[in-house]
Amino acid sequence: MTEDSCFWADVEEALFAVRLLKQKGSGGGGKSSEAKNRLVEFQRYVMEQIGNFAVDSEIFLGESSFMVWWKEFQGVAGIVGSGSSFQR
């Protein structure tokens, strides 16, 4: 289990943001800008949670929503901005 009860809801919102960016690209106006900001914020939050051991290893299961997000995020990291890519 994760310490933050909203973790999985946040993952779903971030997944929605990734898919919006994939659809609209960097030229999608305000919605794309909001999606980028959301992804930067979520990435920071996730790395903090992982660093603090506040998430369970279940988030790394192959087909978990988090891993689906992680894989899709890698495809838009360049749109979000430099430094917005997880290191494996």
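This is a predicted model: local features need pLDDT of at least 70, side-chain atom pairs count only at pLDDT 80 or more; totals for chains, interfaces and linings use all residues.
**Exercise 1. Classify the ring pairs Phe7–Tyr45 and Phe60–Phe66.**

Solution. A pair of aromatic rings is described by the distance of the centres and the angle of the planes.

Step 1: Searching the whole structure gives 10 aromatic pairs.

Step 2: take Phe7 and Tyr45. Their ring centres are 6.3 Å apart, and the planes stand at 40°.

Step 3: Phe7 belongs to helix 1 (residues 7-24) and Tyr45 to helix 2 (residues 30-51), so their pair ties together parts 38 residues apart in sequence. Phe7 and Tyr45 are both buried.

Step 4: take Phe60 and Phe66. Here the centres are 5.8 Å apart and the planes at 90°, so this pair is edge-to-face.

Step 5: A cluster linked by ring pairs includes Phe7, Tyr45, Phe60 and Phe66, and among its other members are Trp8 and Trp69.

**Exercise 2. Describe how helix 1 and helix 3 are arranged.**

Solution. Step 1: list the elements. The chain has three helices and zero strands, in the order α-α-α from the N terminus.

Step 1: Two packed helices are described by the angle between their axes and the distance between the axes.

Step 2: read the values. The axes of helix 1 and helix 3 (residues 65-80) come within 9 Å and cross at roughly 40°.

Step 3: name the arrangement. Angles under 35 degrees count as roughly parallel, and roughly perpendicular starts at 65. Helix 1 and helix 3 are therefore oblique to each other, and their crossing is left-handed.

Step 4: find the residues that meet. On the helix 1 side they include Phe7, Trp8, Val11 and Leu15; on the helix 3 side, Phe66, Trp69, Phe73 and Val76 are among them.

**Exercise 3. Summarise burial and contacts for the chain.**

Solution. The chain has 88 residues, of which 40% count as buried. Among contacts between residues at least 6 apart in sequence, 63% join residues at least 24 apart.

Definitions and conventions: Residues are numbered from 1 along each chain as its sequence is written. Side-chain values use heavy atoms; hydrogens and water are left out. Rings of Phe, Tyr and Trp (its six-membered ring) pair if their centres lie within 6.5 Å; planes under 30 degrees apart count as stacked, over 60 as edge-to-face and the rest as tilted. Helices (H or I, at least four residues) and strands (E, at least two) are DSSP runs, numbered from the N terminus. Buried means under 20% relative accessible area, exposed over 50%, partly exposed in between (1.4 Å probe, protein chains only). Contact means heavy atoms within 4.5 Å. Axes are lines fitted to C-alpha atoms, for helices over the stretch in contact, and angles run from 0 to 180 degrees between N-to-C directions. Angles under 35 degrees count as roughly parallel, over 145 as roughly antiparallel, 65 to 115 as roughly perpendicular and the rest as oblique. A crossing is left-handed if the near helix is turned anticlockwise from the far one by less than a right angle, and right-handed if clockwise.
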